[in-house]
Amino acid sequence: ARGREWTSAAGTTRGCKKKIITVSAVVSMADTPPAIEEEPVVTEQPSVESNADDVPTEASAADGKSGEPNGTEDWLTEGHEWLGKRVARTFGEGIAVGTIVGWLPENEAEGDPALFHVLHDDLDEEDLEGYEVEAAFEMYRTDPRTAKQAAKDAAREAAEKEKAAKLAAKEKEKKEKAEKKAAEAAEKQRIKEKEREEKMQLKAEQEVARQQAKAEQEKAKQAREAQRLQREKEKQAALKKM
């Protein structure tokens, strides 16, 4: 079975005082004077009450300053938006303020609902179901003993969200600028590579043209040489006839 037990760090019932009374027995003996009955010794433990004005804020609770969940359950300390949130619960005439420090997801196979482990500011602990947590949220926001601190928590949370949103927007803008710069650099490199390829192609075409011109020149030279030899041959033949 999961959770649900509420333990008191002081070993007391919330809102009451536990008295430990030790009374010396009256000893009556025939040969001795009667003993004097001692006054009862009362050891009084103060009741465990939560002072809403001295409780830590949601921000400090989220930082782990309010403690960690105890017990044998494998409480999860991340993965839920309620972790670190402040709650208020009434016990008799008093109010207990605490922080959600752990949770267990719903176990459909066992029919167990999700549980949320609350560590109170006086170090008492209890486990709540979802509907109990929502009621504890509402009490923390509306009870006159905690409403002021709840309003401060809400304002702080709103400021933190706004700050986070601005930071996210700034990071997004920075990322977009980096991506744009990278794209421009890539386009510049592409154009440069294209120009280099075009130059290489032009150079190759020019070399082919040069080789072709050289071959034509050699061919023309050979043709002229052949014509010269032919003329010499014809001249020699003419001299022989004479």
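Is Arg228 buried, partly exposed or exposed? Arg228 is partly exposed, because its relative accessible area is 37%; buried means under 20% relative accessible area, exposed means over 50%, and partly exposed lies in between (1.4 Å probe, protein chains only).

Welcome to a short tour of this predicted model, in which local features need pLDDT of at least 70, side-chain atom pairs count only at pLDDT 80 or more, and totals for chains, interfaces and linings use all residues. Residues are numbered from 1 along each chain as its sequence is written, and side-chain values use heavy atoms, with hydrogens and water left out.

- Helices (H or I, at least four residues) and strands (E, at least two) are DSSP runs, numbered from the N terminus.
- Strand β4 (residues 94-104) runs antiparallel to β5, and 6 bridges join them; two strands pair if DSSP finds at least two bridges between them.
- Strand β6 (residues 125-129) also pairs with β5 in the antiparallel sense, over 5 bridges.
- Val118 of β5 is the bridge partner of Ile100, and in β6 the bridge partner of Val118 is Glu126.
- Among the residues that Val118 touches are Val87, Gly98, Thr99 and Leu128, not counting residues up to four places away in sequence; contact means heavy atoms within 4.5 Å.

**The turn at Leu123**

- β5 and β6 form a hairpin with 4 residues between them.
- Leu123 is found in the loop between β5 and β6, and Leu123 has a positive phi of about 75 degrees although it is not a glycine.
- Most residues other than glycine have a negative phi.
- Leu123 counts as exposed because its relative accessibility is 54%.

**The nonpolar cores**

- The largest nonpolar core has 11 residues in all, including Leu83, Val87, Ile100, Val118 and Leu128; such a core is a set of buried Ala, Val, Leu, Ile, Met, Phe, Trp, Tyr and Cys residues joined through side-chain atoms within 4.5 Å.
- The elements that give two or more residues to this core are β4, β5 and α2 (130-142).
- Helix α2 gives the most to this core, with 3 residues.
- A second, separate core of 5 residues includes Ala88, Ile95, Val97 and Tyr140.

**Aromatic rings**

- The structure holds 3 aromatic pairs; rings of Phe, Tyr and Trp (its six-membered ring) pair if their centres lie within 6.5 Å, with planes under 30 degrees apart counted as stacked, over 60 as edge-to-face and the rest as tilted.
- Trp82 and Phe116 form a tilted pair, at 4.8 Å centre to centre and 50 degrees between the planes.
- This pair links distant parts of the chain, with Trp82 in the loop between α1 (58-62) and β3 (86-91) and Phe116 in strand β5, 34 residues apart.
- Trp82 is buried, with a relative accessible area of 15%, and Phe116 counts as buried at 4% relative accessibility.
- Trp82 and Phe137 form an edge-to-face pair, at 5.3 Å centre to centre and 85 degrees between the planes.
- Here too the pair links distant parts of the chain, since Phe137 lies in helix α2, 55 residues apart from Trp82.
- Trp82, Trp103, Phe116 and Phe137 form one aromatic cluster.

- Helix α3 (residues 147-241) has 95 residues and reaches 140 Å from its first C-alpha to its last, close to the 141 Å expected; the expected span is 1.5 Å times one less than the number of residues.
- The buried residues of α3 are Gln149, Ala150 and Asp153.
- The count comes to 13 salt bridges, each being a side-chain nitrogen of Lys or Arg within 4 Å of a carboxyl oxygen of Asp or Glu.
- Arg228 and Glu225 meet in a salt bridge (2.5 Å, N to O), and they are 3 residues apart in α3, which means a separation of about one helical turn.
- Lys161 and Glu157 meet in another salt bridge (3.6 Å, N to O), and they are 4 residues apart in α3.
- Lys161 counts as exposed at 55% relative accessibility, whereas Glu157 is partly exposed at 25%.
- Lys85, Glu157 and Lys161 are linked in a network of salt bridges.
- Asp143 and Arg145 also meet in a salt bridge (2.9 Å, N to O); Asp143 is buried, with a relative accessible area of 12%, and Arg145 is partly exposed, with 38%.
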